[in-house]
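Hi there,

Here is the structure I promised to pass on, with some notes below on what turned up in it. Have a look at it first, and then read on.

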Number of protein chains: 2
Amino acid sequence: MSKSLINIAILEPSQIITEGLSNILLKTGTYSKIFKIDSLNEFNTKLFGSQIDIAIINPNQIQNKLKEFSLLKKSLPNTLWTGLVYTFFDQTLLAQFDKIINITDSPESIGELIHKIKNADYHSVTGNEIEQLSEREIEVLKLLIKGLSNKEIGDKLNISIHTVISHRKNISQKTGIKSQAGLTIYAISNKIVQIEDYLT
Amino acid sequence: MSKSLINIAILEPSQIITEGLSNILLKTGTYSKIFKIDSLNEFNTKLFGSQIDIAIINPNQIQNKLKEFSLLKKSLPNTLWTGLVYTFFDQTLLAQFDKIINITDSPESIGELIHKIKNADYHSVTGNEIEQLSEREIEVLKLLIKGLSNKEIGDKLNISIHTVISHRKNISQKTGIKSQAGLTIYAISNKIVQIEDYLT
DNA sequence: AAAAACATCCCCTTTAATAGGGATAGAGGG
DNA sequence: CCCTCTATCCCTATTAAAGGGGATGTTTTT
């Protein structure tokens, strides 16, 4: 891949970030053309046929669209799929990307990204499956994180406290996490709960 | 306040965001001068004597510097203190600002901000004091969130379990949060712990 | 100098969670 | 049809936490 003009697609809802990133990319001195897009499927419409070398994507945009994203990666194997992270995201989500750049990265390190793509080939990796919690277990987990006791959870779900304890045992086994704090972080990072809902 | 040139200070560690925001502010068509700064105290050094009309600040930058920020607001009462939010923050932290803009806000709504400042006076409000946790309490909280028991925390800090329990009682009283899950979320949203450290 | 906050330690009682051990019934896939 | 997973329920013993009550000495603030 020895070409001097690089095509970069940016999928990011914040115009502030899109503007800033474009500027910094253009300032790296490499000749690049930047396409700003609003959704994943614009890769197949607006950008169809273009050879996109780097796609920079807000991970939120592939949330709940993992299959679509997988297909896209297969249909565009020569693209470097990059996640743009400015808050914490689920690790399994980030694992879908070939590379991660952070909003606080310096222009220099972003410049390096461009440099590398000119000199190397990247191979898309498929993320690992995590052991899924069942629906009921997730219900229990959500209430658990609200700080409810086993008994309160049972009352709320109309099941006995023993069932709740069973579910909790299974949750702990599946996740390997024993403490409530750890489970809270697990639930947040896996988007089972939104942290915003817990801020008063 | 009927002046055409507006001075804007931006305190934001991400260069991507600073770049993007500057661009959008300049594109609003108003004549504004933008100062990029790296810390709160540059208001008293680099910017000393300048009439800053709008300060746009990443709330992280005032975390643990609430007193300094309060004094600053008092010494610069004609400045509009604006928080730039791109992830969740503690609400009490956001209450310290006169105004909040979000990273996903459109250029138009940011332009409105500039427009308003030209036609109105803003009065700085002093935010409520957050009841601060003591150093020791924060140490205990951090270990608590790792899932350690009271006894383990005591062993780690070389204090008796009774002291740990005392600290926990005080933490609960100060924050009003009883459950470990709630405290975890409190600690994350107050940047006492980084959620990234807990992702395996 | 007095008051407030902090850090340390101790006691008691009640309530909840943990860690084992189970059982049963239904749904779904191979 | 068998096996696995899920959801439900139960028991016992041990450990931990919650919620009260204090006390003492040291900083820090007013």
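A word on terms before the findings: a residue counts as buried when its relative accessible area is under 20%. Please also keep in mind that this is a predicted model.

**Strand 4 of chain B**

Let me begin with strand 4 of chain B. Leu80(B), Thr82(B) and Leu84(B) point one way from this strand, Trp81(B), Gly83(B) and Val85(B) point the other way, and all are buried. Since six of the six residues of strand 4 (residues 80-85) of chain B are buried, the strand is largely enclosed by the rest of the structure.

Which strands pair with strand 4 of chain B? One is strand 3 (residues 54-57) of chain B, which pairs with strand 4 in the parallel sense over four bridges. Within that pairing, Ile57(B) stands opposite Gly83(B). Another is strand 5 (residues 99-102) of chain B, again parallel to strand 4 and again with four bridges. There, Thr82(B) has Lys99(B) of strand 5 as its bridge partner.

**How the two chains relate**

Chain B can be laid on chain A by a turn of 178° and a shift of 0.5 Å along the axis, with an RMSD of 2.1 Å. That is the relation of a two-fold axis. In chain B, the C-alpha nearest the axis belongs to Gly20(B), at 1.6 Å from it.

**Around DNA strand C**

Now to the DNA. There are 13 residues around DNA strand C, and those that come nearest are Ser134(B), Arg136(B), Ser160(B), Thr163(B) and Ser166(B). Of the atoms of DNA strand C that come within 4 Å of the protein, sugar and phosphate account for 68%.

- Ser134(B): 2.4 Å from a phosphate oxygen of DNA strand C
- Arg136(B): 2.8 Å from a phosphate oxygen of DNA strand C
- Lys174(B): 3.3 Å from a phosphate oxygen of DNA strand C

Two elements give two or more residues to the surface near DNA strand C, namely helix 7 (161-175) of chain A and helix 7 (161-175) of chain B. Helix 7 of chain B has the largest share, five residues. By class, this surface near DNA strand C holds one nonpolar, eight polar and four charged residues.

**Around DNA strand D**

DNA strand D has 15 residues around it, of which Ser134(A), Arg136(A), Ser160(A), Thr163(A) and Ser166(A) come nearest. Sugar and phosphate make up 68% of the atoms of DNA strand D that come within 4 Å of the protein.

Both Arg136(A) and His167(A) place a polar side-chain atom 2.9 Å from a phosphate oxygen of DNA strand D. What does the side chain of Lys169(B) contact on DNA strand D? An N or O atom of that side chain is 2.9 Å from a base oxygen.

Helix 5 (135-145) and helix 7 of chain A, along with helix 7 of chain B, each supply at least two residues of the surface near DNA strand D. Helix 7 of chain A gives the most, with five residues.

Key: Residues are numbered from 1 along each chain as its sequence is written. Chains are lettered from A and ligands numbered from 1 in the order in which they are written. This is a predicted model: local features need pLDDT of at least 70, side-chain atom pairs count only at pLDDT 80 or more; totals for chains, interfaces and linings use all residues. Side-chain values use heavy atoms; hydrogens and water are left out. Buried means under 20% relative accessible area, exposed over 50%, partly exposed in between (1.4 Å probe, protein chains only). Two strands pair if DSSP finds at least two bridges between them. A residue is near a molecule or strand if one of its heavy atoms lies within 4 Å of it. A polar contact is a pair of N or O atoms within 3.5 Å; within protein, one must be able to donate a hydrogen and the other to accept it, and residues adjacent in sequence count only if both atoms are side-chain atoms. Ala, Val, Leu, Ile, Met, Phe, Trp, Tyr, Cys and Pro count as nonpolar, Asp, Glu, Lys and Arg as charged, and the others, Gly among them, as polar. Copies are superposed by least squares on the C-alpha atoms of residues with pLDDT of at least 70 in both.
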